[in-house]
Number of protein chains: 2
Amino acid sequence: MAAISSLSLKTSTKIQSLPKTHYAVPLNLPFSCRSKSKRTGSIGSRTRIHCGLLIEPDGGKLVELFVEESQRELKREDALKLPKIKLTKIDLEWVHVLSEGWASPLKGFMREDEFLQTLHFNSIRLEDGSVVNMSVPIVLAIDDSQKNLIGGSSSVALVDDENNPIAILSDIEIYKHNKEERIARTWGTTAPGLPYVDEAIIHSGNWLVGGNLKVIDPVKYNDGLDRFRLSPAELRDEFTRRNADAVFAFQLRNPVHNGHALLMTDTRRRLLEMGYKNPVLLLHPLGGYTKADDVPLHWRMKQHEKVLEDGVLDPETTVVSIFPSPMHYAGPTEVQWHAKARINAGANFYIVGRDPAGMSHPLEKRDLYDADHGKKVLSMAPGLERLNILPFRVAAYDKTKNGMAFFDPSRPQDFIFISGTKMRTLAKNKESPPDGFMCPGGWKVLVEYYDSLAAAENGRVAEPVPS
Amino acid sequence: MAAISSLSLKTSTKIQSLPKTHYAVPLNLPFSCRSKSKRTGSIGSRTRIHCGLLIEPDGGKLVELFVEESQRELKREDALKLPKIKLTKIDLEWVHVLSEGWASPLKGFMREDEFLQTLHFNSIRLEDGSVVNMSVPIVLAIDDSQKNLIGGSSSVALVDDENNPIAILSDIEIYKHNKEERIARTWGTTAPGLPYVDEAIIHSGNWLVGGNLKVIDPVKYNDGLDRFRLSPAELRDEFTRRNADAVFAFQLRNPVHNGHALLMTDTRRRLLEMGYKNPVLLLHPLGGYTKADDVPLHWRMKQHEKVLEDGVLDPETTVVSIFPSPMHYAGPTEVQWHAKARINAGANFYIVGRDPAGMSHPLEKRDLYDADHGKKVLSMAPGLERLNILPFRVAAYDKTKNGMAFFDPSRPQDFIFISGTKMRTLAKNKESPPDGFMCPGGWKVLVEYYDSLAAAENGRVAEPVPS
């Protein structure tokens, strides 16, 4: 997947001056290489975008939270002597996220001041007065008995199902977990039936424990996909190796169809028009917790692989990697997290679609979020001023071209909108979408997935995994 | 009330450098007069605090939204030709708030981008990239029929109960009023029984209308208290006339007891110790909507008057005025509004107590907010970096002194805590609190109030108003 090739294009730098919101706009050359101090949201006017380098991580430095290799055995022994907190699957995903610096400059699970700023301001102020975006709480819940077990210890060991030490949390701080307030402020509703809430919050403990995290061994899942789980540092190395002078990130948790592909290809074209010489796409499927009716990661990765194989996207200018975060389905709040994490991985352009990270209201017959709020909130979010927001253009099936094209409102009769639901129904029924909707190889993977799912439902296989 | 006297003390200026949070800390002299650019949260490093002047309003300029006197008749006639929106009592209070610039730099009821930033970030970014605090939505709801009535008109007239035009809202923008999301993000709960929600949101329309406000005549209530309703501009004039070199605001919606008085007196002492020559107290009872079981404004004002008459507070260094905002009871979210509005009135110090703007959870047997979150959130709030936060010190009745004193944890047995509930029960039963809890004149007002309330409940008088 995602052939790695080094293009020796000359790196040039271009900074666009931006309008009130920070949507990217094409500008005529020449571009000048200077600090966008008026847009950084920080006070010290430190230059955040350097000539010839990738966008700086939040806080100026990528925060990796690994124990040094030479110290691992020692720390493992230390961990055995500490009070233990057993991690859930989602907790472990957050340990992974934190350890690799996706949430830089966080140094571990949130302390109360970070949690409160996240809930109230979707951003955190640093010691130097600058502001970084942080919209979803990254917290570790413990119950009364775990709290009692910790007692006065200033450190705890975070362990897996089998009590193997994964990480140490030190200089800890325990504070109240007001679940109702957390849910209301994160999702803008407390309606029952929010997937992440049901999975990770409702039955979690009434306390949160924050502290400084050190992971003993880098988190691996041994599921055949670890090779796609590039850390922000690894992605930055890769972009640098490719001499990328712009990195545009595309977050997804669905199969890629030709409308997506058109958008990504078109984005590259626009960036070239802006004067960039080598814009590289970060195709970045979310790899952590997703709700039950989303297509599982394994199948999605297989589908993405086919899309690249079929030449729909150019492997020379595309990096496919897995974003290890769990999914909140928190719409305008969560899209900020998705964007912010990609800054840390080196992306300075972010493609945002209609209703990002949205879902149906769990009780009412409507979408939970206004379809436009995601991109509006993202464009105004504190700490994301450095990121260029690229709003998604609507693509639909153009009957006159037998393929996906950007919707042309002057001839609506020529277009068919194929919703996710429609797509799933077709694949489930082994029907074919119109030619040109998705590359045949990719579509075949989808049909196989739903086939395996039906088989699993009929009790023929225990867990559908792509062959 | 609040004798106005001009003290001709020399104005000096002192800026404290502040720790990570912006609590005020006493510093040794000398103070230097310089910009706190690292703490302003704005980017342009414009000097926000000037030597010898009051703190600048948010956005640099107090935004008053009055029609010029010479234009009033003309605008009144214009208004008669426009589609009309009838204001509720609370809507009118917000018109009042907006028109005098308490919410500077807002130019009228919020547009969608301001509303979204308020809900998600508790702050609004201005054109120049600087950030002002804005934590509670100041919005005007309309229903479907009103929306239809407005049709394509770009302006509407805001009218009172009798269809008298109060104001014009121009260049309007109509957008969806997602009440659930507004409530969840403002209060951190959607539990039924929140007073402001029941009063002003639940039955309001499904649309919000934002736009530029111009008030035809300054809002007056003709209730005998208008003389105490000083606008931010009038308060600034008053502080300047008194040569105040520090203004410390005390928000309240309860009777003042000697614990409060001690705190205010002690704050002045601390400010003098810091090197200020003439700190002036803004004793600033909230005058808009309050919940049914709060003591009504008329009685509170009478009680405050007695406290000043009894010499508990020094009228020479105290300005008593009414803050016209309605009350949200939204805890950590609302305390930011209370503080921000006082910046616009010239206050650079803000006293914050335990559980500010808090209340009991409407369904559960607990306080809705953590008692410490208000001051923590306030100390970290974007756009309030210029304001010095003075946390409330706990006062209690000291039996050894027969009076209110700051609680001394080394001798807890000497102190009695008299809660609001206890105070109300005593007053209702015409019992006396311990000597020194409240000045006798003030206590008498409270007893009268509960007496009149009981009388009203017995049908003897229609509406309890102090004589």
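Helices, in the sense used here, are DSSP runs of H or I with at least four residues, numbered from the N terminus. The legends below describe close-up views of a predicted model.

**View 1. Helix 11 of chain B and the residue B:Ser379.** Helix 11 of chain B spans residues 373-380 and contains B:Ser379.

View 2. Chain A comprises 13 helices and 15 strands. Of its 467 residues, 59% count as buried. Among the contacts in chain A with a separation of 6 or more, 74% are made by residues 24 or more positions apart. An unreviewed UniProt entry lists residues 55-217 of chain A as "domain: ATP-sulfurylase PUA-like". Residues 55-217 of chain A are 33% helix and 22% strand, with the end C-alpha atoms 28 Å apart. For residues 227-449 of chain A, UniProt (unreviewed entry) lists "domain: Sulphate adenylyltransferase catalytic". Residues 227-449 of chain A are 36% helix and 16% strand, and the C-alpha atoms at the ends of this span lie 22 Å apart.

View 3. Strand 8 of chain A covers residues 246-252; 7 of its 7 residues are buried, so the strand is largely enclosed by the rest of the structure. In a regular strand, side chains alternate between the two faces of the sheet.

**View 4. Strand partners of strand 8 in chain A.** Strand 8 of chain A pairs in the parallel sense with strand 9 of chain A (residues 279-285) over 7 bridges. Within this pairing, A:Pro279 of strand 9 stands opposite A:Ala246. A right-handed β-α-β unit is made by strand 8, helix 8 (residues 258-274) and strand 9 of chain A. Strand 8 of chain A also pairs with strand 11 of chain A (residues 349-352), again in the parallel sense, over 2 bridges. A:Tyr350 in strand 11 of chain A is the bridge partner of A:Ala249.

**View 5. The open sheet of 5 strands in chain B.** In chain B, 5 strands with parallel pairing form an open sheet in the order 10-9-8-11-12. Strand 10 (318-320) and strand 12 (388-391) of chain B are at the edges, each with a single partner strand, so one side of each has no neighbour in the sheet. On average, neighbouring strands of this sheet are turned by 25° against each other, direction ignored. Strand 9 (residues 279-285) and strand 10 of chain B run parallel and are joined by 3 bridges. B:Val319 in strand 10 of chain B is the bridge partner of B:Leu282. Helix 10 of chain B (residues 331-344) lies across strand 8 (246-252), strand 9 and strand 11 (349-352) of chain B, and runs at about 155° to strand 11.

**View 6. The open sheet of 3 strands in chain B.** An open sheet of 3 strands in chain B has the order 14-13-15, with antiparallel pairing. Strand 14 (403-406) and strand 15 (415-416) of chain B stand at its edges; each has a single partner strand, so one side of each is left without a neighbour in the sheet. Strand 13 of chain B (residues 395-398) pairs with strand 14 of chain B over 4 bridges in the antiparallel sense. B:Gly403 in strand 14 of chain B is the bridge partner of B:Asp398. Helix 8 of chain B (residues 258-274) packs on this sheet and touches strand 13 and strand 14 of chain B; the direction of the helix makes about 50° with that of strand 14.

View 7. Chain B is superposed on chain A by a rotation of 180° with 0.0 Å of shift along its axis (RMSD 0.0 Å). This is the relation of a two-fold axis. Of the interface residues of chain B, 100% are also interface residues in chain A, so the copies meet through the same surface. In helix 5 of chain B (residues 179-187), 8 of the 9 residues are buried, so this helix is largely enclosed by the rest of the structure. Among the buried residues of helix 5 of chain B are B:Lys179, B:Arg182 and B:Trp187. The buried residues of this helix pack against helix 5 (179-187) and helix 10 (331-344) of chain A, together with helix 3 (112-121), helix 6 (195-201) and helix 10 of chain B.

Key: Residues are numbered from 1 along each chain as its sequence is written. Chains are lettered from A and ligands numbered from 1 in the order in which they are written. This is a predicted model: local features need pLDDT of at least 70, side-chain atom pairs count only at pLDDT 80 or more; totals for chains, interfaces and linings use all residues. Side-chain values use heavy atoms; hydrogens and water are left out. Buried means under 20% relative accessible area, exposed over 50%, partly exposed in between (1.4 Å probe, protein chains only). Two strands pair if DSSP finds at least two bridges between them. A crossover is right-handed if, with the strands pointing away from the viewer, the path from the first strand over the helix to the second runs clockwise. UniProt positions are given in the numbering used here, feature names are shortened, and annotations may be inferred rather than shown by experiment. Copies are superposed by least squares on the C-alpha atoms of residues with pLDDT of at least 70 in both. Contact means heavy atoms within 4.5 Å. Axes are lines fitted to C-alpha atoms, for helices over the stretch in contact, and angles run from 0 to 180 degrees between N-to-C directions.
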